[in-house]
Amino acid sequence: MLFSLQSPPMTMTTIAHRAVFLDRDGVVMHDANYVGDVERVIVVPAALRSLKRLLDAGYRLFVVTNQSGVGRGYFTREAVEKIHAYLDAEFAKVGVHFDRYYVCPHHPEDNCDCRKPKPKFLREAAAEYGLDLARSFMVGDRSTDIQCGQNAGTRTILVLTGVGSETLAKGEVQPDHVAADIGHAVDWILQQG
Ligand SMILES: [Mg+2]
Ligand SMILES: [Zn+2]
């Protein structure tokens with residue numbers, strides 16, 4: 001074919017998908033400060049219990065994570081991929097599949113274009129998967145997660161796991177909702193219709 005058009009993410013009968021973007025550390029796994037080793041990964045039980053309900057309701061799931069430990073030389077990109085393979089295996093046991101892990105491996109001082117709060121990954125996902133960001137959600141425990149969602153035009157939920165309580169106390173951001181953990185965040189999302 002001379003002109004192979006890029007395969008369109010949406011068909012003629014476009015149904016924009018809804019998505020939930022999940023921060024990784026402090027939301028789906030414990031935030032233990034620069035985890036680069038699978039052996040240190042502890043999956044958040046509430047995530048294992050709750051995320052399937054989002055899939056059942058038609059949401060697509062994405063993980064969006066800043067891993068500056070790579071840019072700082074604490075661990076490699078391959079180590080990050082290993083952790084994600086482990087998470088995939090653990091979540092597969094409960095019927096949960098993440099469409100994509102979006103990883104910013106850069107040092108904050110690199111001034112890259114992908115580190116949260118920049119909305120690049122969410123916009124990329126929207127284009128590639130045909131997502132309606134206004135009907136999507138970003139869930140995280142840091143101000144940068146909330147700002148990232150707001151910058152991309154999603155609704156936002158601050159969870160109080162990880163460093164979420166400290167983030168709430170700082171009062172720098174106004175999420176649409178504050179939830180005790182990812183399970184309560186899922187409850188709220190499903191109530192929004
Ligand atoms: Mg986090
Ligand atoms: Zn980056």
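Start with I157, whose bridge partner in strand 6 is H177. Before going further, note that this is a predicted model. The next pair along is L158, which stands opposite V178 in strand 6. Strand 5 and strand 6 are joined by three bridges and pair in the parallel sense. For those new to sheets: strands of a sheet pair through backbone hydrogen bonds, either parallel or antiparallel.

Now look at the other side of strand 5. There, I157 is the bridge partner of V139, and L158 stands opposite G140. Four bridges join strand 4 to strand 5, and these two strands run parallel.

What is the order of the strands in the whole sheet? Six strands form an open sheet, and the order is 3-2-1-4-5-6, with parallel pairing. Which strands stand at the edges? They are strand 3 and strand 6, the latter covering residues 177-179. Each has a single partner strand, so one side of each is left without a neighbour in the sheet. On average, neighbouring strands of this sheet are turned by 20° against each other, ignoring direction.

Next, burial. In a regular strand the side chains alternate between the two faces of the sheet. In strand 5, R155, I157 and V159 point one way, while T156 and L158 point the other way, and all are buried. Five of the five residues of strand 5 are buried, so this strand is largely enclosed by the rest of the structure. Strand 4 is also covered on both faces: F137 and V139 are buried on one side, M138 and G140 on the other.

Now the connections between these strands. Strand 4, helix 5 and strand 5 make a right-handed β-α-β unit. Strand 5, helix 6 and strand 6 make a right-handed β-α-β unit as well.

Helix 5 deserves a moment. Is helix 5 largely enclosed or largely open? Eight of its 10 residues, in the range 143-152, are buried, so helix 5 is largely enclosed by the rest of the structure. The buried residues are S143, T144, D145, I146, Q147, C148, G149 and A152. What covers them includes two helices, helix 4 (120-129) and helix 6 (164-170). The cover also includes strand 1 (18-22), strand 4 (137-140) and strand 5 (155-159). Just after helix 5 comes G153, which takes a positive phi of about 90°.

Moving along the sheet, two other helices lie across strands. Helix 1, residues 45-56, lies across strand 1 and strand 2, and runs at about 130° to strand 2. Helix 4 lies across strand 1, strand 2 and strand 3, and runs at about 150° to strand 2.

Helix 1 also packs against another helix. Two packed helices are described by the angle between their axes and the distance between the axes. For helix 1 and helix 7 (residues 182-192), the angle is about 15° and the axes are 8 Å apart. Angles under 35 degrees count as roughly parallel, and helix 1 and helix 7 are therefore roughly parallel to each other. Their crossing is left-handed. On the helix 1 side, the contact is made by A46, A47, R49, S50, L51, R53 and L54. On the helix 7 side, I182, G183, V186, I189 and L190 make the contact.

Where is D110? Its place is in the loop between strand 3 (100-104) and helix 4. Because D110 has 13 C-beta neighbours inside 10 Å, D110 counts as partly exposed; a buried residue would need 20 or more. D110 lies 35 residues from F75 in sequence, and the two are 17 Å apart in space, C-alpha to C-alpha.

Conventions
Residues numbered from 1 in each chain as written. Chains lettered and ligands numbered in written order. Predicted model: local features only at pLDDT ≥ 70, side-chain atom pairs only at ≥ 80, totals over all residues. Buried ≥ 20, exposed ≤ 12 C-beta atoms within 10 Å, placed from the backbone. Contact = placed C-beta atoms within 7 Å. Pairing = 2+ DSSP bridges. Right-handed = clockwise from strand over helix to strand, strands pointing away. Axes fitted to C-alpha atoms, helices over the stretch in contact; angles between N-to-C directions. Parallel < 35°, antiparallel > 145°, perpendicular 65-115°, else oblique. Left-handed = near helix turned anticlockwise from the far one by under 90°.
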